[in-house]
2 protein chains.
Amino acid sequence: MSGMTEIDRQRRPGPRIEEVARLAGVSKSTVSRVINGEQYVSAKARDAVHTAITHLRYSPNQAARSLAGSKANAIALIVSEQGSRVLGDPFFAGMLRGVHAELAGRHVQLLLVLSQPRDHDDLLSYLASGHADGALLVSLHGDDPLPRRLHEIGLPVVACGRPLGASAVPFVDSDNFTGGLDAVRHLVSLGRTRIATVTGPRDMAAGIDRLSGWRRGLAEAELPDDLVAEADFTPESGARAMTELLDRAPDVDAVFVAADITAVGVLQVLHARGKQVPEDVAVVGFDDSLLASTATPPLTTVRQDIEQLGRTMTWRLLGELAGETGLPPSLLLPTSLVRRASA
Amino acid sequence: MSGMTEIDRQRRPGPRIEEVARLAGVSKSTVSRVINGEQYVSAKARDAVHTAITHLRYSPNQAARSLAGSKANAIALIVSEQGSRVLGDPFFAGMLRGVHAELAGRHVQLLLVLSQPRDHDDLLSYLASGHADGALLVSLHGDDPLPRRLHEIGLPVVACGRPLGASAVPFVDSDNFTGGLDAVRHLVSLGRTRIATVTGPRDMAAGIDRLSGWRRGLAEAELPDDLVAEADFTPESGARAMTELLDRAPDVDAVFVAADITAVGVLQVLHARGKQVPEDVAVVGFDDSLLASTATPPLTTVRQDIEQLGRTMTWRLLGELAGETGLPPSLLLPTSLVRRASA
DNA sequence: CTGAAAGCGCTTACAG
DNA sequence: CTGAAAGCGCTTACAG
């Protein structure tokens, strides 16, 4: 611990609960009860306390509250990934906005934790020591053992996206299957018959489920589902996949790409090969990220509401922390097709 | 406070400092000294304590440390903006990564706070109550009074980007002036003579300083600096600005755009008007964001190292918190030109 | 270099 | 519905 940064001690002024109690003419206990919204407080006492709080600009000391109450009054947002590329993703920004929106007004702080797999042990004992009352997990890869391990130490957890494997960890996810299905139905309605897909990673539920939706769509339309090329949510992998598809099936007339960011690479290759979009090849992306509207041509895409995802995760976690019963173990959020020029 | 979410009390297990002391055969005081890296501890005691900590997987309770030590052991990352659009910005992601990297290993937590201007009063009393030892400010607009107000209540603050007006708030910024200057020098070296600019917002130092750099570059080359069109870091405003420039000066042969995201709109208009990039009009962006490499054609741009910006801000703040003297009040980080196809 | 004791500012049974 | 008292798990003078 020798690398620690010393933060100089310096008592901040500001009123204590004692002063609020004195001004309101009640005991510290009563002030505490008002602050915590407990029910057995007389209206008169409540008003007096609120007035005193406002007058003194009192803000309770969180450290003391946590210590006395044996709870952190904080939830952790854990981003678990090698190199934490996630942060660069607009996906993460949307999540953060949603989490924050749902937390607004509640006196719960947001702790941002980025954790490499090799630091998982540290993180686990940190959280086991009560530094957060619960955790939201944004872990890009399905094989990450963190969600399960956190769940095992008894910390309430909600995962972002369906964790792979038979896990009991609650999660919230977009309905990726239906999203993929809708994309194909749209392409079929356009009269396309050679519909390919550029997938997401095979070790993530988002990749797997979108692919399943695509397959289902082709089955519905009784079309072949042989044109599959793998990618990993990067433009480069999208370009490689599209090149492969074009070589394999020059008659391809549509492609469902599992992410807008990947579609950027797909569009570049199509352009370079002289294919008109959507005339020769129609393209549908996934996410409705900023990239979708700025792409050339603007991308038809399956919109997922990431902010809502963040809100829902937070709502689910806070519900569990409040001891609510009958909460759905997991939730699937709807997606919708956004039509632009590319399909 | 009636909207508060109740988080059920439940004491987490985990060892206390008392048990570490017992196992190491020393007093709690000595354990505390070891944990806090104080110097007057015998090597023997230190080793015994470290062994005990490892053995028990002890992790000190932050709430108790904060309360006893009268410091939060946390810094706040404050994002102050209407609607907090910032989060959607890759800029923010890079910052976050930098802040986190610099915090790694230090026992300082990161509190993420999003604040609308109308909530500034709440935020101020919250921070005045000691919930964070210092603050990092990402405030997109120069007229935001928050940096100054925080500085006034005595909370150590470092701003991201030069605050406008005569402010004493320490800041870290990219060298936007030199970035703009280098962009123009590059365009001049390419033989361009009718060099326009699409600016950033007038109420942000980034917009103002990049424009100044552009002007300086034109003055150096003894070229006219009449082709200025204003935009606001969005693709739409970039498109409008480029349309205006093209109407005003059909002979424009280069444009320095104050942000990659704005350049996306510029490129769309140039394409629509049948202008070849870079043959007819060379384009240089700013940021070297993901958009720069995925643009058509890939964008030559002024790279700023956002992650380094986040690291430097954090380093500066922690230094001040540790009571270091002789810290530079403010810092300017270098930019560099990244050449791609557009210029 | 080390330990005993006080205290940080709250919450929570407990008794009324 | 309310208050007095104990205690949450640490840090920090103080004395040695």
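The structure holds one cavity of 30 Å³ or more, where a cavity is a set of points, on a 1 Å grid over the protein atoms alone, at which a 1.4 Å probe fits but cannot get out. This is a predicted model, in which local features need pLDDT of at least 70 and side-chain atom pairs count only at pLDDT 80 or more, while totals for chains, interfaces and linings use all residues. Side-chain values use heavy atoms, with hydrogens and water left out, residues are numbered from 1 along each chain as its sequence is written, and chains are lettered from A and ligands numbered from 1 in the order in which they are written.

**The cavity**

- About 30 Å³ of space lies in the largest cavity, a volume being the space filled by probe spheres set on grid points that are joined across faces, edges and corners.
- Its lining (residues with an atom within 4 Å of a point) is made up of Thr199(A), Gly200(A), Pro201(A), Arg202(A), Gly207(A), Ile208(A) and Leu211(A).
- By class, this lining has three nonpolar, three polar and one charged residues, with Ala, Val, Leu, Ile, Met, Phe, Trp, Tyr, Cys and Pro counted as nonpolar, Asp, Glu, Lys and Arg as charged, and the others, Gly among them, as polar.

**The surface near DNA strand C**

- DNA strand C is surrounded by 27 residues, of which the closest are Arg16(A), Ser32(A), Ser29(B), Arg33(B) and Tyr40(B); a residue is near the strand if one of its heavy atoms lies within 4 Å of it.
- The residues of this surface divide into ten nonpolar, nine polar and eight charged.
- Among the polar contacts (pairs of N or O atoms within 3.5 Å), an N or O atom in the side chain of Lys28(A) is 3.3 Å from a base nitrogen of DNA strand C.
- Phosphate oxygens of DNA strand C lie 3.0 Å from a polar side-chain atom of Asn36(A) and 3.0 Å from a backbone N or O atom of Ser27(B).

**An aromatic pair**

- Over all chains the count comes to two aromatic pairs, meaning rings of Phe, Tyr and Trp (its six-membered ring) whose centres lie within 6.5 Å, with planes under 30 degrees apart counted as stacked, over 60 as edge-to-face and the rest as tilted.
- Phe256(B) and Phe286(B) form a tilted pair, 6.3 Å centre to centre with 55° between the planes.
- Phe256(B) lies in strand E8 (residues 254–257) of chain B and Phe286(B) in strand E9 (residues 282–287) of chain B, so the pair ties together parts that are 30 residues apart in sequence; strands are DSSP runs (E, at least two residues), numbered from the N terminus.

Notes. 1 Å grid on protein atoms, 1.4 Å probe; cavity = no way out; pocket = protein on both sides within 12 Å on 5 of 7 lines; lining within 4 Å. Polar contact = N/O pair within 3.5 Å; in protein donor to acceptor, adjacent residues only side chain to side chain. Helix = DSSP H or I, 4+ residues; strand = E, 2+ residues; numbered from the N terminus.
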